[in-house]
Amino acid sequence: MPSKKALIRRPGPRLTEGLVTHIQREKADAELAVRQWEAYAEALRTHGWETIEVDPADDCPDAVFVEDTVVMYRNVALIARSGAESRRAETAGVEEVVARLGCSVNWIWEPGTLDGGDVLKIGDTIYVGRGGRTNAAGLQQLRAAFEPLGARVVAVPVSKVLHLKSAVTALPDGTVIGHIPLMDTPSLFGRFLHVPEASGSHVVLLGGDKLLMAASAPKTAELFTDLGYTPVVVDISEFEKLEGCVTCLSVRLRELYA
């Protein structure tokens, strides 16, 4: 049976100091961010996901964006090594949790860098954004870890946004969705759907027809409804001020062995 576990990590006291690279910095409200994070976690649980809270990393402002710390493929966890040196201490707590869950653990080693937000999995195809946080050595190490397990790895140039999944994610049928002005090479994706809002590019597949997405993309939510999907909308405005989105606030573990 597929597993439905999601790793999450509570926002820390230094959240508002988080890195911002491709947008203008706005002051985030730390108290509101905690309430939004709690609502996000509750939305996961409401739709059948078991949330597993990773120990806080209070000295790391960006630690709430837990997806960047690890890439999962089947039962294998590849511990990331961020291109942002200040984020590398975030991985220790995540490594402990995935090991405890019985995952086979691998690592990205120097000189490789890789952020989990640069990795989009669609079936056995793994798209990897090659840009600011993920370098060629990190991409090569991901290939070495996952291609022997049956994965097909596709490199995607990323220069206009922080991570690949800042620009694109995918619907349950495998159609890639994105906002074209944020994309370097839309032609790399076979089935592609342009969405009208930048934040509409980000969905978490909750199961069935349900899509977790941000409240800041109402036109995209209407589009998905017209396509027969059910948007589950959460307000993550304070995380969007820090270049965050719905995907990076959790790590979904869908294929753990029983």
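I180 lies in the loop that links strand 10 (176–178) and strand 11 (192–194). Helices (H or I, at least four residues) and strands (E, at least two) are DSSP runs, numbered from the N terminus. The model is predicted: local features need pLDDT of at least 70 and side-chain atom pairs count only at pLDDT 80 or more, while totals for chains, interfaces and linings use all residues. Residues are numbered from 1 along each chain as its sequence is written, and side-chain values use heavy atoms, with hydrogens and water left out.

I180 is partly exposed, with a relative accessible area of 40%. Partly exposed falls between buried (under 20% relative accessible area) and exposed (over 50%), with a 1.4 Å probe and protein chains only. Contacts of I180 (heavy atoms within 4.5 Å) are made with P186, F192 and H194, not counting residues up to four places away in sequence. I180 and G207 are separated by 27 residues in sequence and by 26 Å in space, C-alpha to C-alpha.

Strand 12 (204–207), strand 13 (210–214) and strand 14 (230–234) form an open sheet in the order 12-13-14, with mixed pairing. Two strands pair if DSSP finds at least two bridges between them. Strand 12 and strand 14 are the edge strands, each pairing on one side only. Strand 12 and strand 13 run antiparallel over three bridges. Here L205 stands opposite L211. Helix 4 (residues 218–226) packs on the sheet and touches strand 13 and strand 14. The direction of helix 4 makes about 170° with that of strand 13. Axes are lines fitted to C-alpha atoms, for helices over the stretch in contact, and angles run from 0 to 180 degrees between N-to-C directions.

Helix 1 (30–46) has buried residues A33, Q36, W37, Y40, A41, A43 and L44. They cover an arc of only 155° around the axis, which puts them on the same side of helix 1. The arc is that of the directions from the helix axis to the C-beta atoms. The face turned away from this buried side carries the exposed residues E31, R35 and T46. The cover over the buried residues of helix 1 includes strand 1, strand 2 (50–53) and helix 5 (237–240).

The largest nonpolar core has 26 residues. Such a core is a set of buried Ala, Val, Leu, Ile, Met, Phe, Trp, Tyr and Cys residues joined through side-chain atoms within 4.5 Å. Helix 1 gives the most to this core, with six residues. Y40, L44, L212 and F239 have the most contacts inside the core. L44 touches residues including A6, W49, L206 and L212.
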